[in-house]
Amino acid sequence: MTTQPLKPHQTPKLHAQTQYWRVCQLEELFALPFLDLVFRAAQVHREHFNSREIQLSSLLSIKTGGCPENCAYCPQSAHHNTGVAKEELLSVAYIVEKAKIAKSRGATRFCMGAAWRGPKPRDIEKVSAIIRAVKDLGLETCGTFGLLDEGMAEELKAAGLDYYNHNLDTAPEKYNDIVSTRKHEDRLETLGRVRKAGLKVCCGGIIGMNESRKERAGLIASLANLDPQPESVPINQLVKVAGTPLENAESLDWTEFVRTIAVARIAMPNSYVRLSAGRKNLDEAAQALCFLAGANSIFYGDKLLVTANPEEDGDRLLMDKLDLVAESFQAA
Ligand code: SAM
Ligand code: DTB
Ligand code: SF4
């Protein structure tokens with residue numbers, strides 16, 4: 001993989017949502033002939049980004065398992081028997097070692113996830129120390145810790161957090177079928193707090209949870225109608241984990257995944273669209289089509305939170321074959 005930057009990483013600018021997207025408009029995009037949709041998304045991508053650059057984020061679960069929430073997709077929920085054990089928060093030293101390794105392999109952003117409904121005040125103190133230590137390595141930092149109370153986002157920002165990941169996950173009307181321990185509106189409230197604190201927003205969702213195409217369009221509409229739009233939009237394909245209520249969800253054809261990426265790119269032209277969980281189920285050619293359709297970020301490293309992700313060597317090889325380069329990042 002070439003690591004020579006084509007241009008220095010630019011901190012994404014805040015982009016006001018330029019149009020209100022109705023779900024039916026996005027359904028019309030989904031219904032375009034496949035290659036026309038990909039072509040249109042590729043044009044939008046080229047107007048807004050250097051299409052040869054891919055942003056590389058590494059992920060670490062800093063607090064695994066035993067989560068009190070009942071998200072039907074999640075292997076870390078205490079409501080499901082998935083064999084994922086409840087662990088304590090990892091030490092700062094351990095996390096820094098993992099972040100150094102991620103950086104040495106080419107990642108520019110380090111994303112830390114916690115299986116919490118949301119952090120308690122004492123957790124904020126602990127993760128603030130972790131964020132400071134990771135930021136000192138010259139990496140961008142991202143945290144995903146669940147629902148935030150008033151004032152918490154400001155504390156995370158003060159510690160050096162760059163991005164907060166908080167997904168809307170599915171269409172608003174489907175939310176209660178997937179999680180019953182919180183509401184879609186709770187997620188929106190935390191996203192508002194994150195924005196107000198001046199953190200960059202990483203917000204996406206999961207497809208392949210037995211939703212209809214209309215519901216996929218509804219998810220993309222709810223992301224694209226956030227104002228401003230999220231800087232980063234992870235599109236996850238459900239990783240089906242035994243013991244979760246969605247373990248036997250119907251598999252989506254790979255073309256539907258590419259269509260979803262393409263629609264996200266067209267509706268959110270300035271956002272980084274991340275080809276996130278589920279890449280192990282996509283062969284190289286399907287991933288190449290996702291990049292053509294506007295995906296320009298991946299999770300890089302052989303583990304997501306608790307499930308597997310493609311090996312770094314394979315990703316470097318694929319990027320070389322496609323003449324893609326890792327986006328560089330100059331810490332401020
Ligand atoms: N507990 C926090 C929360 O829910 O916001 C942060 C961690 S949670 C694991 C982060 C995200 O991981 C979820 O919003 C969901 O999009 C994604 N995720 C969890 N399990 C997944 C699965 N089996 N397949 C795909 N994505 C998944
Ligand atoms: C996101 O949208 N996807 C990542 C990250 N944000 C935290 C998580 C994917 C989790 C996949 C299943 C697992 O390994 O737990
Ligand atoms: Fe907990 Fe987050 Fe998993 Fe839901 S997605 S069970 S909140 S870790």
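A polar contact is a pair of N or O atoms within 3.5 Å; within protein, one must be able to donate a hydrogen and the other to accept it, and residues adjacent in sequence count only if both atoms are side-chain atoms. In ligand 1, an oxygen atom lies 2.6 Å from an N or O atom in the side chain of Asp169. The model is predicted, with local features requiring pLDDT of at least 70 and side-chain atom pairs counted only at pLDDT 80 or more, whereas totals for chains, interfaces and linings use all residues. Residues are numbered from 1 along each chain as its sequence is written, chains are lettered from A and ligands numbered from 1 in the order in which they are written, and side-chain values use heavy atoms, with hydrogens and water left out.

An oxygen atom of ligand 1 is also placed 2.9 Å from an N or O atom in the side chain of Asn167, and a nitrogen atom of ligand 1 is 3.2 Å from a backbone N or O atom of Ala114. The protein buries 91% of the 550 Å² that ligand 1 exposes when taken alone (accessible areas by the Shrake-Rupley method with a 1.4 Å probe; for residues, only the protein chains shown count as cover). Around ligand 1 there are 17 residues, of which Tyr73, Asn167, Asp169, Arg187 and Val239 come nearest (a residue is near a molecule if one of its heavy atoms lies within 4 Å of it). This shell divides into 10 nonpolar, 5 polar and 2 charged residues (Ala, Val, Leu, Ile, Met, Phe, Trp, Tyr, Cys and Pro count as nonpolar, Asp, Glu, Lys and Arg as charged, and the others, Gly among them, as polar).

For ligand 2, an oxygen atom lies 2.8 Å from a polar side-chain atom of Asn236. Backbone contacts are also present: an oxygen atom of ligand 2 is 2.9 Å from a polar backbone atom of Val306, and an oxygen atom of ligand 2 is 3.1 Å from a polar backbone atom of Leu305. Of the 410 Å² of accessible area that ligand 2 has on its own, the protein covers 88%. Asn167, Asn236, Leu305, Val306 and Thr307 come nearest among the 13 residues around ligand 2. The shell of ligand 2 comprises 8 nonpolar and 5 polar residues, with no charged residue.

Cys74 is buried, with a relative accessible area of 19% (buried means under 20%, exposed over 50%, partly exposed in between; 1.4 Å probe, protein chains only).

The whole structure contains 0 disulfides (pairs of cysteine sulfur atoms within 2.5 Å). Cys203 is buried, at a relative accessible area of 0%. The closest cysteine sulfur to that of Cys203 belongs to Cys202 and is 7.6 Å away, too far for a bond.
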